[in-house]
Structure formats: C-alpha cells, structure tokens
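Please look over the sequence and the model first.

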Amino acid sequence: MSLRVALALLLSFFLRSATSFTFAPLPTPSTVLRSTSESPDYVKNILWTPSWKSGARDEEFGLITNYNEDLSKVIRRKTRTVECGPIKFGSEHRIVRQTMATTNTADVDATVDQVMRCADKGFDLVRVTVQGRREAKACQEIREKLFKKGYTIPLCADMHFNPTVAQMVAEAVEKIRINPGNFADGRKDFDDHIYETEEDFMRERQYLAEAFIPLVEKCKKLNRAMRIGTNHGSMSSRVLSFYGDTPRGMVESAIEFADICRSQDYHNFVFSMKASNPLVMVQGYRLIAAEQYRLGWDYPLHLGVTEAGDGEDGRMKSAIGIGTLLADGVGDTIRVSLTEDPEFEYEPCNRLAEIAESRLFVNPTSASKQSSVEGYEDTRDIQSFEKRQGDLPTQVETDQIDARGFLHRDGSVIAVVTPEMLKQENVQYLYQELGCKLAVGMPFKDIATVDSLLMRTLPPSSAVAERTHLRRLIEVSTGVIVPAAELEKDPMENTVALMTMTEAIEKGGKLPEGAIRLAIELDGKETAEQLTHLSSLNPVMLLNNPAADTSYLHASRRLFEFLKSHGSNFPVIHHFSSSSIVEKNELALQIGMRCGSLLTDGLGDGVCVELTSDHRFSVDQIRQMSFGLLQGCRMRSTKTEFVSCPSCGRTLFDLQETTARIQEATGHLPGVTVAVMGCIVNGPGEMADADFGYVGTLPGKVDLYLGKEVVRKGIPNEDAVDGLVELIKEHGMWVDKEDEAEPEAMEAMSVAN
Ligand code: SF4
C-alpha cells in the first residue's frame, strides 16, 4: 500500500468517525419568510454588527481606514487559519489554488475522475454543485471513492436555495459554500416588498438566522469550513432594495451571515465577493477587507471573477480582478473561472498565485524594489470609483495634420512597429494588423484601430516607400512616436518626439526638426523636483514604464499622486515592456495584473505593449490583447462583451461549444453584453448587467432574456443562436459584419500602392 493511500485511508477513518454518513431526514426549516415571535433566544440574541447605513458603525468603530496591511509594501493581509480537511486557508499558508467540477455531480464516476485529474494537476480543493438530495448523496460516494483511490483533496459543496440539503451534505464534504443572496433570502419572496427603513430590513434577519443556524451548528460540530460567498449578480431582493446593486450591498449581506456564524462561536469560514465586472469585484473585496480591519475580524478571502469567459479574455479579466487584489496582499485562495474544462484553470490560477507570492515583501528582491520607490501619500478612495481623465491632444494652428486622434478619450492603444513592417510587401498586412479599414489600399481608422505607433527606429528618409506608408497613417491621425535622438539624425514631419525626463529637461523640451509634440518616458526614478518640470514641458502624453528594479505598482501610484497633487492632467499610457514573455496566456496574465491593477483604480489612459523577446507576437495579437485589457477594465468597448458561466454540474448544454457559436455570430457588437448561462437556477441571477441572455432551462431547451426579463421561452438549442441574433436585431443593437477584403483584392491593392 502506498503512503498516499495509507494516509488517505487514515484520514477517511477520522472523517468517518466524526460523522455518521447517514442521511437521516432533517427537520425542514420554516419556509415562511418572516420571523416568528417564537424564535428561540439564541436566534433573538445575535449580536449584529451596527448598521453602516445609519452611521452607527462609524460611531462605534470609527471610519474605514485601510484595506490592506501596508500601501507601500506587499504584505499578506493578516488572516486567521481556516481548516478544510488537510488544507488550510489564511495568511500563514500558501495561497490555496481551487477549481470547480463541471460534471453532473450525480454522475459519481465522472465526477471522481474529474476531481482526480484536477488534483493531479495541482489543485488544492475542488468544488462540486449540489442541487438537491440526489447530489448530496452522490457527494458521500464521491468522497468515499476518492479516499479509496488515495485522494485526500478536500471537496466543497456549492449550495443555493436549500438549507436542508446543505446540512445533509455537510456530513460528506469538507466545505460548504453558501450564497447569502439565495441561501434563504430568496429573490422571489421579496420581489413585492420595498425595504426602506432599518427596522423593515432588520426584521427579516430573524428568519435568516433560523434558517442558517442549523447549518452553522453542524459545520462547527464536524469542523467543516464554509464560504460565505456573495455574488454581485445574485444578491437578494431585500439587499438590493435596501442597498442597491452595489459592492456595499454585497459586503453588508455577507456581514449578516458572518454575524450569525460568530454568534454561534463558529469562525471556520472565508468570504468571497465575486462579480463579473472586475471593477465591482475589486471594490467589493477591498470593502470587506476594510470592514474587517475596523471590526477587528480576520477571516480569509477567496478571490474570483465570475463568468470571466474563456481563452485570453477570461484569463485577462481574472488577472485584472484577482491580480489587483493580490498585488496589495489581499486574498488567501483563488479560483480562475473559465468556460473551459477545470484542468485548464490550473495554469492561470497557479501563475497568478506564484506571481503574487514572488512579489511579497518577504522576498528580498521584491523588498528592494518596493523600498526603492520614493515615499508618497496614497489618497485613493476605495469606497467609490472615479476615473482620472487625462487631457486629450488638442489642435494647434500650426498643425498640418489632425493630432487629436493620437489618443482616444476612452483609452488608447499604442502599437510597436518596426521599419521592416512598413516595406512594400508587408505594409497591407501591417495596416490590417493595426486594425485599419482599407479603401483602395489606403488605411483609415476604425473602431479598434491603434491610436498611435511607437517606432524605436525610423526607416531612413531614403526609404521613400516606407516613409510614404508611415505618412499615410499620420494623415489619418495616427501618432508616430519616435525617440528624439532618432529624429535628430533623420527628421520626419508631424511626428511625436520621445524623450526621457532628464533629456527633456536638458533640452528644455525643444523638439527635433519636424516633430510636433513631445512624449516623455518615465522610469519611476524621477525625483519630485524633476517631475515639477512637466508643467512647462507640456508633453502630449507620458509613457509610464518603471524600471525593472523598482516596483511597477508603487512607482506608478506615486506618479499619479504627484500629478493629482499638482493638478496635472497629462495622459498616462502604461508602457508594458518585457524581454522574457514568449507565450500569449502568460502575456495576458502579466498585462492584466500589472496594468489592470492601476486601471481598476481609474489610473491610466491607455496601454503600449513592447516585447523584445525572440518569440515574435504579431502586431494584431498584441493589439487585440491591449483592447481586451481596456475592455476588461471597462474603459473602451471594441467588441461584444461576453459573460459566460464556467459551467458546472447544473449545466444543460455544451457550454463551450455553444459559447463559441454565439461568439462567432455576435462577437462584432461593441457596447453589447451577451450572457451565456448554463442553467436557470443561477443563470438569470448571475447575468449581472448583460443586455441579452441565453440561459439553459431544460435539456435541449433555452430561454432568451432581454436584460433580466425572459422574452422567449423553451427554444430548441439548435434554433436559439438564430433567435438571439433576431432578438438583438429587434432591439436595434445589431450591425452587420463588415465584409472582409478578399486576399486577391488585397494583393492587387498592395501592388497598386
Ligand atoms: S449558471 Fe452555470 S456555473 Fe452557475 S450554476 Fe448554472 S450552470 Fe452552474
């Protein structure tokens, strides 16, 4: 017998001796959603956290001060240890990597196989969905089979709507996830009731306590872990009515459930505040962390962006949300929810955790980077989101071209281009890769065309064709940013000269011949005295690229604080450069983490990705990723936004295949959000702010939604994508896809040029 199997059997024995594994019928909690005067004293005597809304909390605990340990160093937020079978959550332990099974939980063998594959990949915990008694019973078998096969990986049961089944399944698995939005505080039950007064709102708490306490008692007795997992898309109507659709509502809803746990002296729980919008998600987590500081609580946080989607976009969105929080030392366990098989979640999940762990101040290299940033006061307001708006380029009398298009008001993308790409035989492809529309071979800007180019080297003026191609881009308001030294050697008209801060000060901002604007590249080491020169230099943009031996996050925050305190609105482009990234998923994660953690605070006006690694990413790949970053940070919408659930045991259709078909049919509609949800149980609730929804109702049947309202019911799967397109058309949000030019025509145009 292997050591692994022996340990598993031993653990199995202890778990069994702690639990009977019998599923005796449990008393059904009251289903009347009103408190009763007969509530026992232990329910009536819960010590509720004072109201935030009335200001009582501020009075008793003071104002919110901080959401993490230290704003200038990356230190894990101090959290208690929560035990979950053989693993532990909390700041004394590594970040726990977790995922969720997509199999039907009632299919025991398939679920066991999938959990084993996840464990083999490296996951620490797997969640399974539990709809009812059948799945709860299956969990018992799954647990037993896993033990027999030597797998001690803990399981978490995902519960919605069913307190009785939650108690059953607590006997079989190590952790229970409950959703305060629907555990007992069901949306339907409060639909007709407006909660305006504190009294009204608080009266219902008695019922929540009655429904929840039996589960808490059971978890305490069996030493099970719990996640109080709020979801922005599925808050109860009661909370929505009282707090609105806000991160604050998410936090208050979780605190109510935590108060109940604490009243029973049960503390083995973690919180989550998930949302599909990374900005809402980040705010929710910061708020729950901040509230915990002032309340003196220390429960760990499970981080995740819901319905992130698949591929690069899914990874990018998760990196923006999860990465932003980890970058500040907030978060103890993470799940990257992708519309892909759970095994594929491991790589991004593990990488995000690894990167976060490597950036901790305890690591000497990171400590030195963070310490190298000059001190500054961090004045960000974590309780509200405000975008810093950089001033856009304006037109001046002497301009021969329109410089206003060098940047975009919703966020700019700058592409790095080489002289080679401008050669006659390459230029048509370059125009396409930059996202230009073409008319008779001439480039024009379109919705997702880059705004400016960064050229480290210019084609010499003797290369007439290359210069002509570049001029054509400038003529359609594309900024061409070139190092000043390069322009001094061989000038070119209507360009933007790039200088370091030192260079710009030395030259007094004097532009080389032909250049019409100045851009300044910052490495994060500029002194405050140097930065004060910015106002007289008046650059059209700043390229923020902190040096490798300084902390990108902290150096950037210092810059923004400097600009804010000096009333300077120069646009700041995040200049991401790397010489080592060779793989696109890694690039998405790194850009999402590094730039996303600033853009989610409204800090930054665009992105420029410059890679010097041997592996050549195409201009198009980097452009799409850059626009994906801006869209993920809710800045600039250049394509349809998809909110697709990761699928689980409730999913009623092949989610990956259907999502791909929907993306193919509707992926060209900027400003439109389409939700693809696997089931009706949570789907409609979790679609968040989608314009249209595609939701599985029965096997082979789909409902279509307009916002939160179902407008077409029971459509056969095979007709539903067409139905969705029709629905979008009916509501005036459809545009036809533009015909793409035939390759032969492109060639002809290229020759004609
Ligand atoms: S919406 Fe998707 S992930 Fe959520 S419960 Fe339904 S099928 Fe599972």
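The shell around the ligand holds three nonpolar, five polar and two charged residues. The model is predicted.

**Ligand site**
- The ligand takes up the space of the largest cavity.
- Cys645, Ser647, Cys648, Arg650 and Thr651 are among the residues around the ligand.
- Gly678, Cys679, Asn682, Gly683 and Glu686 also belong to the residues around the ligand.
- Cys counts as nonpolar, Arg and Glu count as charged, and Gly counts as polar.
- By that grouping, the shell divides into three nonpolar, five polar and two charged residues.

**Helix 10 and helix 11**
- Helix 10 spans residues 247-263, and helix 11 spans residues 278-295.
- The two pack at an angle of about 45°, with their axes 8 Å apart.
- Helix 10 and helix 11 are therefore oblique to each other.
- Helix 10 passes helix 11 in a right-handed crossing.

**Helix 12 and helix 13**
- Helix 12 covers residues 311-326, and helix 13 covers residues 346-358.
- Their packing angle is about 30°, and their axes lie 10 Å apart.
- Angles under 35 degrees count as roughly parallel, so helix 12 is roughly parallel to helix 13.
- Helix 12 and helix 13 make a right-handed crossing.

Note on methods: Residues numbered from 1 in each chain as written. Predicted model: local features only at pLDDT ≥ 70, side-chain atom pairs only at ≥ 80, totals over all residues. Heavy atoms only, no water. Near = heavy atom within 4 Å. 1 Å grid on protein atoms, 1.4 Å probe; cavity = no way out; pocket = protein on both sides within 12 Å on 5 of 7 lines; lining within 4 Å. Sits in = over half its atoms within 2 Å of the grid points. Axes fitted to C-alpha atoms, helices over the stretch in contact; angles between N-to-C directions. Helix = DSSP H or I, 4+ residues; strand = E, 2+ residues; numbered from the N terminus. Parallel < 35°, antiparallel > 145°, perpendicular 65-115°, else oblique. Left-handed = near helix turned anticlockwise from the far one by under 90°.
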